[in-house]
Amino acid sequence: MIRDPKDLQRYNAGERANHWVVGISFILLALSGLAFFHPAFFPLTQLFGGATWARILHPYVGVFMAFFFVLLFLRFYKLNRMTDADREWLSRVKEMVDGDDHNMPIQGKYNGGQKVMFWGMTVCMVLMTVSGLFMWRAQFAVPIELARIGAVVHAAAGAVMIALIMVHVYAAIWTKGTIRAMWYGTVTRAWAKQHHRAWYRQMTGR
Amino acid sequence: MALQSLDIRQRSATTTAAPQARHTIEVAKLIDVSACIGCKACQVACMEWNDVRDEVGHCVGVYDNPADLTENSWTVMRYAEVEQDGKLEWLIRKDGCMHCTDPGCLKACPSPGAIIQYANGIVDFHQENCIGCGYCITGCPFNVPRISKKDGKAYKCTLCSDRVAVNQAPACAKACPTGAIHFGSKEDMKDYAEKRIADLKERGYDKAGLYDPPGVGGTHVMYVLHHADRPDLYSGLPVNPSISPLVALWKGAAKPLATLALAGVALGSLFHYVMKGPNEVSKEIEEEVEKEAETEDTK
Ligand code: HEM
Ligand code: SF4
């Protein structure tokens, strides 16, 4: 269990647990939601003990996740305020995607892309929760027009959100040395210096 | 092979073709509103034949009883007192599923085989495949399906598909004492309606006509109305019903396209990794950091 004591702490245990609770809930929601989204995905209902169970469970998992997302939001929103450096970073994101980060502007704890992701997910989460409640016929009877709008918004925001999460997960896989931040909370100094130099300086005083 | 009268034309949440070799005639129920006396024999016959019993309710001040369709009342009589040109009319309409040619319920349903449209035009709910999501309610332009509080399944008029399968008219048509409910091929029903409309016109109802709304491709329950120009007078029968544009958008081409886009994002990520390689910490920075650490140690 001895890790390099020079590693930098990026997330504490509470932050990591909160993130995993939201992440696991999201996967359950995406799988059960897609099952109703299009017949091609309907077999996914078998993962939940059958289609009726998937229908019953999905909204409860949704409300559960919404609650924990609010906590996650409160932990991180201050760190995700956009700055000019972020906008500069975003305008040159193509270089980054090409795998060349030499000329990218120096970033703090989060880069512009991560911040856009944060706010995109926040907007989607609000849309998903409100529209999901409109669709929840077993609990609420809303006027029919609202239920219809809810269905359209839920399906559209759901697709956008699944795409965002895929990019989010891929970015973590692509950037080596990142995933450990969500397992046990630390990253190496070199990782920090390369990807988030301003944060590195703030943490190490260099 | 099943009974020919139960051949399937459309099945919910199914993207491949239904069997099409045999051609069955389309059936229809024609409700002649002008001949209805509001006795509710049809309501009783429906409960009897289908073995459903609603709770005994209470009087809500009008004859409507029960006051609305429920999972146990698949048809209800609606009574409207309408004053036009100083004349009071009592317009009574038998409400229930219209068995649309283009059924919004079936379009919206996410569960394969929970909603079936037979080749004869009858739209039937198969509760054993129903998951209770209520999408059929969201899709229906006539506000017909109801979810049971007991079992969470959706119910509505079956047009007595079980009776029709063995060449019997629906229970309501059989029970109606004035012959206001007719049943037969859709063609025959239209022909008969024509005669009734001519008769009504002769009696001064010059706006009499057939209600077979084209917005849902026509229906397999049709009305003869004395005021066909004003269907809304009959307890809010929709004037020009069609599947809501929101439902069409929700269940349209956007979904397969979104599915492709999601597959694109997943595959795009994979190929990005394969073609650009991982984003690793550079050797240079690793050495820099090591040196920094050494100077720190010597301090
Ligand atoms: C946050 C609270 C949420 C609530 C209350 C909620 C509620 C619902 C409800 C009631 C349905 C209809 C099926 C059913 O009754 O089970 C549904 C469908 C669906 N949900 Fe959610 N949900 C939520 C979050 C999510 C999330 C995070 C996703 C992830 C992508 C998601 C994806 C979907 C999809 C794709 C559908 C199918 C939509 C369609 O039929 O077009 N939901 N949701
Ligand atoms: S009236 Fe409603 S429930 Fe009946 S077939 Fe049409 S859409 Fe379906």
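Biologist: Which helices of chain A each supply at least two residues of the nonpolar patch?

Modeller: A patch is built from residues with over 30% relative accessible area and no salt bridge, where like charges are joined within 9 Å and nonpolar side chains (Val, Leu, Ile, Met, Phe, Trp, Tyr) within 5 Å; a salt bridge, in turn, is a side-chain nitrogen of Lys or Arg within 4 Å of a carboxyl oxygen of Asp or Glu. Helices (H or I, at least four residues) and strands (E, at least two) are DSSP runs, numbered from the N terminus. Here the helices in question are α1 (13-37) and α6 (144-174) of chain A, and α1(A) gives the largest share, three residues. This is a predicted model, in which local features need pLDDT of at least 70 and side-chain atom pairs count only at pLDDT 80 or more, while totals for chains, interfaces and linings use all residues. Residues are numbered from 1 along each chain as its sequence is written, chains are lettered from A and ligands numbered from 1 in the order in which they are written, and side-chain values use heavy atoms, with hydrogens and water left out.

Biologist: Which residues form the nonpolar patch, and what is their accessible area together?

Modeller: Accessible areas come from the Shrake-Rupley method with a 1.4 Å probe, and for residues only the protein chains shown count as cover. The patch on the surface consists of W20(A), I24(A), L28(A), V169(A), I173(A), I179(A), W183(A) and Y184(A), which together have about 730 Å² of accessible area. One of them, W183(A), lies in helix α7 (residues 180-183) of chain A.

Biologist: Is W183(A) buried or exposed?

Modeller: Buried means under 20% relative accessible area, exposed over 50%, and partly exposed in between (1.4 Å probe, protein chains only). W183(A) has a relative accessible area of 56%, and therefore it is exposed.

Biologist: What is the angle at which α6(A) and α8 of chain B pack?

Modeller: Axes are lines fitted to C-alpha atoms, for helices over the stretch in contact, and angles run from 0 to 180 degrees between N-to-C directions. For α6(A) and helix α8 (residues 254-276) of chain B the angle is about 5°, and their axes are 10 Å apart. Angles under 35 degrees count as roughly parallel, over 145 as roughly antiparallel, 65 to 115 as roughly perpendicular and the rest as oblique, so α6(A) and α8(B) are roughly parallel to each other. Contact means heavy atoms within 4.5 Å, and the residues of α6(A) that meet α8(B) include A155(A), I162(A) and W174(A), while those on the α8(B) side include K255(B), L262(B) and Y273(B).

Biologist: Where is T45(A) found, and which residues does T45(A) touch?

Modeller: T45(A) sits in the loop between α1 and α2 (51-76) of chain A, and its relative accessibility is 0%, so T45(A) counts as buried. Leaving aside residues up to four places away in sequence, T45(A) touches A35(A), F36(A), G50(A), A51(A) and A54(A).

Biologist: Which residues of chain B have a positive phi?

Modeller: Among them are D51(B), with phi near 55°, and H99(B), with phi near 50°, and each is a residue other than glycine.
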